[in-house]
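I opened this entry to look up how two chains meet. I then followed one residue inside a chain.

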2 protein chains.
Amino acid sequence: MKPKIGIIGGGAIGLFFAARLSLYADVTVFVRRTEQQVRLNAEGIKLGTDTYSVRSEVTGEQSFRHQDLLFVTVKSYQLAGLKAQLETFPKETPLAFLTNGIGHIEWLKELSAETILLGITSHGVVRRSDREVESSGSGETTLGIWCGSFDEGLKEYLTTLPDFPVSFSANIFKEIYRKLLINTAINPLTALLNVPNGSLLTNKEFHGLLLEVVREANRVLQVENGIEVVEEICRNTAFNWSSMAVDLLHKRKTEIDAIVLPVLKMLEEKELSAERLTMLYQLIKGKENENAKLDD
Amino acid sequence: MKPKIGIIGGGAIGLFFAARLSLYADVTVFVRRTEQQVRLNAEGIKLGTDTYSVRSEVTGEQSFRHQDLLFVTVKSYQLAGLKAQLETFPKETPLAFLTNGIGHIEWLKELSAETILLGITSHGVVRRSDREVESSGSGETTLGIWCGSFDEGLKEYLTTLPDFPVSFSANIFKEIYRKLLINTAINPLTALLNVPNGSLLTNKEFHGLLLEVVREANRVLQVENGIEVVEEICRNTAFNWSSMAVDLLHKRKTEIDAIVLPVLKMLEEKELSAERLTMLYQLIKGKENENAKLDD
């Protein structure tokens, strides 16, 4: 029997996971808007040139349908508003958070779920519409148990899916910090400068700044070979635009508060200064303010 | 008899000075391109809705025509290329440099001119074409004698022109440092963020950054009430775009090396750090590099 996997969030990663997992699992996508729910139920998810059938429900509507696992893929700043919905699922339902950054981790303690997993995923996905996504770079997913215990059968199942690499890490925080360093270094710089990731290597001045920002952040994140790690990502995604660059370009709220702010707080706690990261934070927050004004 | 005033540079300030002074003086505008020279001679300068007749010559062509005063209005980074031309004028011809920043001042020692004036002007001028300019804010001009002596009659003449306020300052460096602080604080921030000057007051994050940048720069520039001075300019020019913002938007070279680099050097000489100003300099230089790449 196929496991029942729920996915909260109809954004790029949510739709991508739903489409790929729909081949192996009984997938339900929980979305906010009825309009998207109706389209997903009627037309399925289009990933590249293929279409995948999924079930979709609206998060606002109470659902008692049992789920073996519930992935949470919403943006970090949408999490707080989702708490009441998460509590409508039985506390036995394992929750796996794929949310960027680490701003939400303290908040997870308030949930009644018995088993909580933290995960990071490196799939590059672009959302074209409420039901269309495109892969912009293959990736993988790493999960780790934050609290509770996870069914061994389901773990075995998840880690052996063809063409959808999932692994479990005994030290998920190491992976999370690695991704946090990458996002902290690449996202605000590319967003502020409105350049693709590769420019942080090819432009001498930007590269100098990248190194300085990595050094500042890595004083607390302590990622091994931090500079090489970040440079490799810039190289492998040279023509991609970071999510923060895209968000700022489209005058949307960014995830700066989930990515850079926690790093600044960690540095502050250790009484370490971080002038460049502080300034990048101020610049991006200021740009967000300007964009918010335009919406008035 | 009207004095003979030469103006080197057919940019916004050069054309504006030529148009306004043409009512009171025998004006010659020295430009680089024959195309612009021909248009200026044939059609005159259009300032707002009025047209002003001027004589124009090409800087490359040797001119022995006597000038009572020669204003130099070219961009700071164009000055070095102009040295040979400046030396074609008799060494008795007083030169008045209206160039932004202070990067060129050491270089002036290499000129054979006997009398050199330094000046700053606060006229807001936008150039629309090779012969059209528009005023975007009334201003005034302050001159000071850097070396040599200046004819008292001409000084009296210049300082009493109707509707074109010119004054002489015994301490022109005080005025230059004041303008340098203003440009150092407003230009790179507005250029990087692509916002008009007023946003540096109305956006809380940007305002915080502005104050920090002013504080860093003013540790060497020592402008009295520096923050109030800069804030007043932002207020009075709230809807204007700084020259550096316009240059970067049009993917042109900026005057960052004439404005911010000398301030950074002064800070370095006094072993004072300036993280924010250093980072702004790197960001703007990096943006210039990106723009240069696009031209390839």
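I looked for salt bridges across the interface of chain B and chain A, and the rule finds zero. I keep in mind that this is a predicted model.

Next I checked polar contacts across the interface of chain B and chain A. The rule finds ten residue pairs, both residues at pLDDT 80 or more.

Which elements of chain B give two or more residues to the side that touches chain A? I noted α5 (172-193), α6 (199-202), α7 (204-221) and α11 (275-295) of chain B. The largest share comes from α11(B), with twelve residues. I also sorted the residues on this side of chain B by type. They divide into nine nonpolar, six polar and eight charged.

Then I looked up the extent of the interface. I found 23 residues of chain B in contact with 23 residues of chain A. Chain B and chain A bury about 2200 Å² between them. Of that area, 61% is on carbon and sulfur atoms. I asked which three residues supply more than any other three of the area that chain B buries against chain A. They are B:Glu205, B:Met279 and B:Gln282, and they supply 27% of it.

**Symmetry**

How is chain B superposed on chain A? I noted a rotation of 180 degrees, with 0.1 Å of shift along its axis. The RMSD is 0.0 Å. The two copies are thus related as by a two-fold rotation axis.

I looked for the residue of chain B that comes closest to the rotation axis. It is B:Glu275, at 3.2 Å by its C-alpha.

I also compared the two sides of the interface. Of the interface residues of chain B, 100% are also interface residues in chain A, so the copies meet through the same surface.

**One residue: A:Ala191**

I turned to A:Ala191, which is found in helix α5 (residues 172-193) of chain A. Is A:Ala191 buried or exposed? Its relative accessibility is 6%. The cut-off for buried is under 20%, so A:Ala191 counts as buried.

What does A:Ala191 touch, not counting residues up to four places away in sequence? I listed A:Met244, A:Ala245, A:Leu248 and A:Ile284.

Last, I took the distance from A:Ala191 to A:Thr254. The two are 63 residues apart in sequence. In space they are 9.4 Å apart, C-alpha to C-alpha.

Technical notes: Residues are numbered from 1 along each chain as its sequence is written. Chains are lettered from A and ligands numbered from 1 in the order in which they are written. This is a predicted model: local features need pLDDT of at least 70, side-chain atom pairs count only at pLDDT 80 or more; totals for chains, interfaces and linings use all residues. Side-chain values use heavy atoms; hydrogens and water are left out. Contact means heavy atoms within 4.5 Å. Buried area is the accessible area (1.4 Å probe) that two parts lose on being put together, summed over both. A salt bridge is a side-chain nitrogen of Lys or Arg within 4 Å of a carboxyl oxygen of Asp or Glu. A polar contact is a pair of N or O atoms within 3.5 Å; within protein, one must be able to donate a hydrogen and the other to accept it, and residues adjacent in sequence count only if both atoms are side-chain atoms. Helices (H or I, at least four residues) and strands (E, at least two) are DSSP runs, numbered from the N terminus. Ala, Val, Leu, Ile, Met, Phe, Trp, Tyr, Cys and Pro count as nonpolar, Asp, Glu, Lys and Arg as charged, and the others, Gly among them, as polar. Copies are superposed by least squares on the C-alpha atoms of residues with pLDDT of at least 70 in both. Buried means under 20% relative accessible area, exposed over 50%, partly exposed in between (1.4 Å probe, protein chains only).
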